[in-house]
Amino acid sequence: MRRAIYPGSFDPITMGHLDIIERSARLFDEVIVALLLNIEKQPMFTTEERVEMIREVTPWSNVRVDTFEGLLVHFAVQQQAQFVVRGIRAISDYEYELQMALMNRRLEPNVETVFLMAGEAYSYISSRLIKEVFKLGGSIKGLVPELVEKRMRDKMANG
Ligand code: PNS
């Protein structure tokens with residue numbers, strides 16, 4: 001059983017994340033989308049809201065959503081996952097990702113990090129930029145799933 005963890009904060013999940021999840025679901029028997037708890041002091045969405053949104057937009061039967069605290073490699077071992085998947089957009093992502101991958105390898109040599117390239121149409125998308133553009137009134141159509149865009153509109157209207 002080849003099991004992979006796809007970790008992140010997913011605040012919110014973007015089309016770039018979804019693209020990586022879809023590719024991972026084809027490569028591995030099981031993919032666990034793992035949401036890191038308490039990453040930011042002021043996330044746009046609560047953990048529960050983010051988990052629910054990810055569940056609603058991931059139709060693949062071998063993908064499940066979970067949360068974790070503490071070290072990623074501890075979670076990977078606990079879940080009996082041999083792989084960690086990370087998406088690489090541009091070369092600028094590589095340095096930080098390499099540091100994390102090598103540190104994770106030092107901590108847990110049995111967990112292998114696999115880098116996947118998102119489709120080039122998504123190469124400039126990040127949750128941070130999407131939130132900024134959205135809050136300033138710009139269109140984010142096509143950059144996040146429709147459900148996420150709707151939840152963002154609701155969030156702005158109702159807090
Ligand atoms: O995509 P993100 O939001 O930048 O994800 C970062 C994440 C969650 C992968 C990273 O911060 C992480 O793994 N945190 C858990 C704590 C940990 O294991 N730190 C050591 C990493 S070398």
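This is a predicted model: local features need pLDDT of at least 70, side-chain atom pairs count only at pLDDT 80 or more; totals for chains, interfaces and linings use all residues.

Residues are numbered from 1 along each chain as its sequence is written, and side-chain values use heavy atoms, leaving out hydrogens and water.

**Charged pairs**

One more term: a salt bridge is a side-chain nitrogen of Lys or Arg within 4 Å of a carboxyl oxygen of Asp or Glu. How many salt bridges does the structure hold? The count is 16. Helices (H or I, at least four residues) and strands (E, at least two) are DSSP runs, numbered from the N terminus.

Take Glu52 and Arg151, whose side chains form a salt bridge at 3.5 Å, N to O. Glu52 sits in helix H2 (residues 47-57) and Arg151 in helix H6 (residues 146-158), so this pair ties together parts that are 99 residues apart in sequence. Glu52 is partly exposed, at 37% relative accessible area, and Arg151 is partly exposed too, at 25%.

Next up are Arg86 and Glu97, with a salt bridge of 2.8 Å, N to O. Here Arg86 belongs to strand E4 (residues 83-88) and Glu97 to helix H4 (residues 91-107), and the two are 11 residues apart. Are Arg86 and Glu97 buried or exposed? Both of them are buried.

Asp154 is partly exposed at 31%, and Lys150 is partly exposed at 43%. Salt bridges can also share partners, and that is how Arg3, Glu30, Arg64 and Asp66 are joined into one network.

**One face of a helix**

Now find helix H5 (residues 127-135), whose buried residues are Ser127, Ile130, Lys131 and Phe134. Looking down the axis of H5, these fall within an arc of 100°, so they line one face of the helix; the arc is that of the directions from the helix axis to the C-beta atoms. What covers them? Helix H1 (15-27) and H6 are among the parts that do, where contact means heavy atoms within 4.5 Å. After H5 comes Gly137, which has a positive phi near 90°.

**Around the ligand**

The residues surrounding the ligand include Pro7, Gly8, Leu36, Phe68 and Met100, counting a residue as near if one of its heavy atoms lies within 4 Å. Some polar contacts (pairs of N or O atoms within 3.5 Å; within protein, one must be able to donate a hydrogen and the other to accept it, and residues adjacent in sequence count only if both atoms are side-chain atoms) are listed here.

| Residue and its atom | Distance to a ligand oxygen atom |
|---|---|
| Ser9, polar side-chain atom | 2.6 Å |
| Leu72, backbone N or O atom | 2.8 Å |
| Arg86, polar side-chain atom | 3.1 Å |

Taken alone, the ligand exposes 550 Å², and the protein buries 75% of that. Accessible areas come from the Shrake-Rupley method with a 1.4 Å probe; for residues, only the protein chains shown count as cover.

Key: Buried means under 20% relative accessible area, exposed over 50%, partly exposed in between (1.4 Å probe, protein chains only).
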